[in-house]
Each structure stands twice: as C-alpha cells, then as structure tokens.
Amino acid sequence: MSTRTDSHRVVVTGMGWITPLGHSIDATWQRLMRSESGMGPITRFDARTFPTTFAAEVRDYDVAKFVADARVHATAGLNSQFALGAASQAWAQSGLARHASLNRKRVGLYLGAGEGVLDFDQYAAANLAGWQDGATKLDAARWADVAHKCLEQMREVEQEPNMPLAHLAREFGIRGPALNCLTACAASTQAIGEAYSLILRGDADVMVSGGTHTMIHVLGVTGFNRLTALSTSKGDPTKASRPFDATRDGFVMGEGSGMVVLERLEHAIARGATPLAEVVGYGSSADAFRITDIQPEGRGGAASMHQALAQAGIDPLARRSDGRAAIDYISAHGTGTKENDSIETRGVKRVFGEHAKDIPMSSIKGMMGHLIAAAGAVEFITCILAIRDGMLPPTINYNTTDPELDLDYVPNVARKAKVDICLSNSFGFGGQNDTLVVKRYE
Amino acid sequence: MQRRRVVLTGLGPATAFGLGIEPLWAALVEGRSALAPIRAFDASGFRAACGAELPESFDVKEFVLKSYRKATKVMARDIEIAVSAALTAVRDAGLTTRGTDPDSPPTIEPNRFGCQIGAGLIAADLDELTAALWTSKGEQQQFDAQKWGQQGMQDLTPLWLLKYLPNMLACHVTIIHDCQGPSNTITCNEASSGLSLAESQRVIERGAADACLSGGADSKLNPMAYLRQELANRLAHCPVDADATTAVRPFDPNAAGSLVGEGGGILVLEALDSALGRGARVLAMLSGTGASQSFCEDTVGLVPGANGESLADAIEAALRDAQLSANDIDAAIPYGCGVSAIDAIEADALSRVFGTRATTLPLVTLAPNIGATVAGFGAIAVAVAAKCVIEQRLPARLNSQCTPGVCAIAAASQSVALRHVLVFSPSLGGQNSAAIISRYESQGVA
C-alpha cells in the first residue's frame, strides 16, 4: 500500500445511526448481530390496499433528545430530524464539541440527503380542487387559490433536499464547504467519498458526512410500486426482503440516517481524538446504459470498485502475505431485486476473479430495508463495526440458493471473522455506482 | 506538485433567449429582457404572473438522436433543459460522442468522461398526477388512499418516478453521451450549479476524468415549484399586464423581488492537457472555486443570514484556490436577483472582500434579462463570464437606478480589459458557491 503522510490520510472519528432497528450505534448493531428485522406494516399512511403494505419504519423517535435546542429545529422535516439524531451521535463521539480551538470554517458538510416528504393530504386537496370531470389540464388559478390557503410556508421550504445541511450547520456551527448530492440509492456513499476527497484536497480538516432519507409516503411507495421494484410478498413482512435468495422479489423500503465525522489524520491526532477507521479508497462511475436497467455485466459497479481499490493501492487479484484475499468483507448494495443481486454478483466476480468466492459479502437490507439515499452511509458504518468487533452482519431470509449467485453471502447468522479491510458498494437508479474502501486504523 | 489545470472548452447555456451562448450574449449586450407573462400555466393566481421561459419553439426532440426520442417521454422539463444544453456544449467543444455520432470513435474515452449536474427539487407534473388522483376521490371529494392503492396508481406510467428524481438529469446526459466516469447530482438550490462545476474541477484535478459535462438546470415553471418560490419570498408583485422587463432591479433600494427564469447550462470542463492534446479551442480557465455555509438565524435561510461574512469566505476561498488576490478581479457576476435581503448580503460580501473597490467593481446582473435561474444559475453565469473574458466586453445592465455600495446601475455594454471574472451565489439553505473564470492565454496562467 502506498505510503501517505498524515495530512493525506483521512480517518473516521465519529459515527451515528438512526435506523428502523434503533436510535444508536449499539442498539442497531446488536440487533443486526441477532439477525433481527425492522419490518412491519406501514403506519405513516393507509397502505392497506397498496401492492406493498409494509416497510421498515423508524419508530418512537424524538429528535429533541439529540439536539441542544429543539426550538431551532421546530419545522424540520423527517429527513432533517433523522440527520440531526445520527449526526449528533457522530459529533459527540468525535469529541469536536470539546475542541475549544476548532476552526468552524475548516469544518464542512457533504450529505446525500433525499427530498423531503410532501404535505400530501393538502397537496392532493389543492390538486383535486383545480380539476374537473373530463379535464386534461389543471386550472392553475383555482389550484393556486386553494394551495395558498392549505400549504404552509415552512412545510414547503423544508422539503428542499439541502435542508438537512441547514439544520446540521446550525446545530454544530459549521461554516466550511457544504454540499448535498442526490444520486438516488448511491447518494450517501458518494457523499462520503466526495467529503473524503475534499479533505484530501485540503479544502477542509473535518467533514460531517452521510445520508438521510425516507420515501415511506404515498408517492414514494407508489413510485417504486409502479417500477415493480418493491417486494409484494404476502404474509410475514420480516420475510419479505430476501437479498441474494433465489425467491427474492424486490426491496423493502426503510428510512433513517447514518452519519460519520471524517477528519484529516493529523488534525485528529493533534487534538487527541481516537480514529475508528481509515478511509483509503473511493470510486465513482456511471453505467451510461439505460434509465431503468443496470448494465448486465456489472461494468459500472466494477469500474467504481476498481477505482476505489486502485486509490487504496490494493490489487484485487493478489492475496495478502497471510493468504487472505485482498479484502475481508464486502458490504453489498444487495437490494433483493432480481436484477441488482445478479449483476452485483457478476460485478464482484469481474473485479476479484477467482478470489470472489473467498470474500464474505452480505446485505443488511434484509433486516432494515433499503434506506435509499441514506443506505450507503448506514452500510459504510457496518464496515467500521465489522473491523472493530471482528463480526460480519448476516444476509437474512437466505434459504434458497440461486444457481447463478454462488458467493459467500453470510447467510442468516452473524459470523466471527478477522476483518481489517472492507469495501462498501452502492448503486443507484439512473446508473450511479459508488464504492468506498475502509480499513483498520494503524 | 503542479495542479492539473481545468479549462472550459464548450458552453451550453439554455435560457429564455434559446440554446447556446450567442443568442444569450447578443441579448445581454443589447440589453434585452425576456421576462414576460408565463405561458406554461395560468399564473394569474400567484404574486407574479411573469417569468422567463425557454422559447416557444424549444423542442427537446431536436437535441437527441432518433433512437433516443422515446426516452424524452419520461423527461421532466428540468431534464429536457439539461439534455439540450449538454448537446449544445458538446457541439461547441467540437467533441464527438455517442450522442453526436454513434458510429465514430468518441473524442473522450467514455471512462474518462465525467458528469456533474446541479438540480432543483423537481415538482411532479400536476396535469398527469391529478388526472390519476381524480379517480381516487372519496365521498367528501378528498383523496382516498385505499382507492389509490387498489386502482388509481395504475393510471401513472410505470416509469413515473423516474421523471422526477434529481439525478435523472445526469442519468440521461451520461447515457446519451456515454459518460462512464464519475457522475454526481448536487442539490443546493441557487448554489447547485456552481458547486457542481467545482466538483468537476476536483474530479479532473485528481485525475478521475479528463473532461466533464458540468453545470445544472432548473425549471420552477410548474404551479407547485412556483408556489415554493413564492413561499420562499422570492417573487416580485408582477401581474400579467405589468411591464415585467423593468420589474427586477438588483441592488436598487427600491427592488421589490425577483421573477423566475427557467434554464441552466452544461459546460465542457476539460483538463488543459486533454484540450491541448486534441487541439481544442480553449475558451477560458476555471482558475479557482470556493464554498462555505452561512449561519442562518432562522436555520433554513429564508432570511439569508445577518451579513455576507460566509459568502465572503467562499469568495476568498476561490481567490486562494486561484492564487489570486481581490485586486486581480475585474468584474463579478452575483446572483443579483432583486430580492433585497439577498442583494444585501451579496453587497456586504463584496465590500468585505473588495473594500472600497466594491463601489467600482463592475457587476453583471442577469436576473433582469433572464430571471432568477435558481439551480441553473451558476452554469449560465460561468458561461457569461467566459464570454466576457473572450470578448473583453461587459454586457449591458438593466433597470437599477441607484445601487449604494456596489456598481450595478443600469448601463450600456462596454468594452473593458478583463482577465478574471468572479461568479458567486448564496442559496436558500445557506450554501455559498464562488468560482473565478480567467482569460486563457496560451502561455498559461493569465
């Protein structure tokens, strides 16, 4: 591995989770280790007649427990609320709050936050008021008349996808570069990768990064149901998401946030912080193929993995001196759709060749669902915990082998393993592929 | 280590004056405004019934190959603008891509070709959605989720969601031009395009791509998106029979708000070595970028900060990145939308960076001509800045009669020596973006 100076090394010094499995790193991780599921019937709206009636919701969450003054976040939408909870954990763990001489202009933000939730009942009411039998066009003047009365200013402003940035900046006094990317299901992997790149370039010493999203709302479920991307399994919702299983029939929506504090190593050391892991590689590519389909050979995913490994100085086809494959664990995108899981498997084989079968690869989406823009950051954190604890989270509901899918998916139960280097993949609708490589801090 | 230089080799602005830099530049030099009553929908029920729309003749199908025409059915207006702007930029740069000529080898290797596009929050087309919702009314004429789940949602095309995901701008552009390198979508309101250009700069610098299609596009001319602009206190009072061409007055104490313009731009950003290697015409240099976050008393930035301190930080970061000092800057293009609170922090940022020179540093204001272009702004402004340094000319300024502290009073176009032009914008949400466009001289750094 290439030698990097401390100013060209980036470490993680804090992390936080608000997920369907818990409101902290420990609570969520313990449940992942026990193969528990966060799925249940959708409670946010009446989904009883929808093709998909279940999801993994964040339950009993109160943002006020996480922030200094809840009043300044009084109008925050769900994405911002989740982001505040996760980022507050990461910020507290990093110890930056106690760092008296912190230069806030050298602290930035890079999030992969989703668009906010529509004020749907009022929105629908305005739309219906602007319509008549047999119409082909909305009467926009009538719509405006009703919309002005029923849609609220702050509720609308808070739907902008950059509002989680605004809330986090306010909470932590951040004044450095602040960006939000929204590349569908790859967004927060990309955000962490770009945040890491900004530190490497010297544009910031610290970046708060991660993702936050919920699409568990009427038009979110509608949109994915129309795309036939969601599982429509009947019966027990905890069995619905079956990544890599031959009977998989789509993903299940989750929601929540994962956040990390990234820091230039020399900055972390100078203030006596404890590095949790080191980010060593980031890759990003576009399929440039079709708007709905993934390039069937896994070309795009392979390209982003190759880039990330090259940056980390890792040859995917070489073994380490102790005989281990180049990587100890892959956190899969593993949505549980027919197409994703097949092509992802193909892409990993394309990169790691005959070694692919020796690298455990699991998807936590069977347990906590697909957190869309937030998924990548949440999964990146599982890699750090796998390194910390020497434990791999399982792929649950794996019962029927798909003959094409012949890798080690860590079926059903968590596994003890020697873990020093992990790779985390995220692939988004629209052909966006992003990969991070993270290793034990030495 | 010598940093890889990033230059502009193709400009593809899309504005109410049409596609490409020439019609926009001609209108700016002549001092024409495209602000007029909105055609896209009946806007008489809103505070402003006027805005700036792409020309009536605009048709995205003219900007894609025949084989891709079907895909235009799943493009929101924002996507149409980005796709059209991208082809315009690619042609301007003299590139061969899969989108210009699928049978010829591409100028830029697909895996060395990136794409970073800024986008807004795209609102669903209400005609299509409401036609579907109409069949799912309950007894009190309210929306009935059970009817919707059972039947109503089936009326939406299966790909409905894909019209509105912000990353579908980049998705279509990468597919059309076969850009397989790093690709991203930045969503930071008015700072989106500027931050996307900065990201392309970083991607090219670190060697992850040799060229990027970069910029942004946004159309708020949809009742829902438009209402959000009104609720964000952006719009001037401008009924349909008012003179919209004089309604937007940036930095004038009598400014009374803005009008929205749809549009954006895609630019070809390229490593200087790549541009020289293929014998390309280098238009200008992207010599530095900067970004920052403002403190907003109201958290969300509806009131855009108490002062321009953080915006000044972004400008100073761009100056450092370009290894220039404030004295090197010859002109600036602010967001300049005519909303007093936003104009005020821009003026304050200028005075913090430029001191007393802020009163004489010529500003270029675009909103009186093409409206406030939100997520599309940075790319349009950078295209205009490039044209300024190429032509050694400043466009005319419209409308403002008195602009204390800054130099933005209405004036005719004039010929001026210009080496470095600053572009910047604050945003709703508090993100700030700045970029410096420099005249390209073949000896290298101007």
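## Chain A at a glance

Chain A contains 13 helices and 14 strands. Its radius of gyration is 21 Å, close to the 22 Å that the globule rule gives for 442 residues, so chain A is as compact as a globular protein of that length. Please keep in mind as you read that this is a predicted model.

Taken along the principal axes, the C-alpha atoms of chain A fill a box of roughly 75 × 60 × 40 Å. Of the 442 residues in chain A, 65% are buried. Looking at contacts with a separation of 6 or more, 79% of those in chain A involve residues 24 or more positions apart.

## Two domains in chain A

The division of chain A gives domain 1, made of residues 11-118 + 159-439, and domain 2, made of residues 121-155.

If you follow the strands of chain A, you will find an open sheet of 10 of them, with mixed pairing. Their order is E5-E4-E6-E7-E1-E8-E14-E13-E9-E10. Strand E5 (178-180) and strand E10 (361-362) of chain A stand at the edges with a single partner strand each, so one side of each is left without a neighbour in the sheet.

Within this sheet, strand E1 (residues 10-18) and strand E7 (residues 255-264) of chain A run antiparallel and are joined by eight bridges. To find the pair on screen, look for A:Ile18, which stands opposite A:Ser257 in E7(A). Helix H10 (residues 299-312) of chain A packs on the sheet, where it touches strand E8 (277-286), strand E13 (421-428) and strand E14 (432-439) of chain A. The direction of H10 makes about 145 degrees with that of E8(A).

## A buried helix

Helix H8 (residues 218-226) of chain A deserves a look of its own. Nine of its nine residues are buried, so H8 is largely enclosed by the rest of the structure. The buried residues in H8(A) are A:Val218, A:Leu219, A:Gly220, A:Val221, A:Thr222, A:Gly223, A:Phe224, A:Asn225 and A:Arg226.

What covers them? The cover over the buried residues of H8(A) includes helix H3 (120-129) of chain A and also helix H4 (145-150) of chain B. Just after H8(A), the backbone at A:Thr228 takes a positive phi of about 50 degrees.

## Around A:Val67

A:Val67 has its place in the loop between strand E3 (54-55) and helix H2 (78-94) of chain A. Is A:Val67 buried or partly exposed? With 19 other C-beta atoms within 10 Å, A:Val67 is partly exposed, because a residue counts as buried if 20 or more lie within that distance.

Leaving aside residues up to four places away in sequence, A:Val67 touches A:His73, A:Leu84, A:Ser88 and A:Glu171. A:Met391 is 324 residues apart from A:Val67 in sequence, and the two are 31 Å apart in space, C-alpha to C-alpha.

## Where the chains meet

How many residues of chain A are in contact with chain B? There are 80 residues of chain A in contact with 77 residues of chain B. On the side of chain A that touches chain B, the residues divide into 38 nonpolar, 26 polar and 16 charged.

## Chain B

The C-alpha trace of chain B spans about 70 × 55 × 40 Å along its principal axes, and buried residues make up 66% of the 446 residues. The domain assignment of chain B gives domain 1 (6-123 + 164-438) and domain 2 (126-161), with 36 Å between their centres, taken over C-alpha atoms.

Strand E9 (residues 284-293) of chain B has 10 of its 10 residues buried, so E9(B) is largely enclosed by the rest of the structure. E9(B) pairs with strand E1 (residues 6-15) of chain B in the antiparallel sense over two bridges, and B:Leu8 has B:Ala284 as its bridge partner in E9(B). Eight bridges join E9(B) to strand E14 (residues 431-438) of chain B, and these two also run antiparallel. There, B:Leu286 stands opposite B:Ile437 in E14(B).

Key
Residues numbered from 1 in each chain as written. Chains lettered and ligands numbered in written order. Predicted model: local features only at pLDDT ≥ 70, side-chain atom pairs only at ≥ 80, totals over all residues. Contact = placed C-beta atoms within 7 Å. Nonpolar A, V, L, I, M, F, W, Y, C, P; charged D, E, K, R; others polar. Buried ≥ 20, exposed ≤ 12 C-beta atoms within 10 Å, placed from the backbone. Helix = DSSP H or I, 4+ residues; strand = E, 2+ residues; numbered from the N terminus. Rg over C-alpha atoms; globule rule 2.2 N^0.38 Å. Pairing = 2+ DSSP bridges. Axes fitted to C-alpha atoms, helices over the stretch in contact; angles between N-to-C directions. Domains from an automatic or database assignment.
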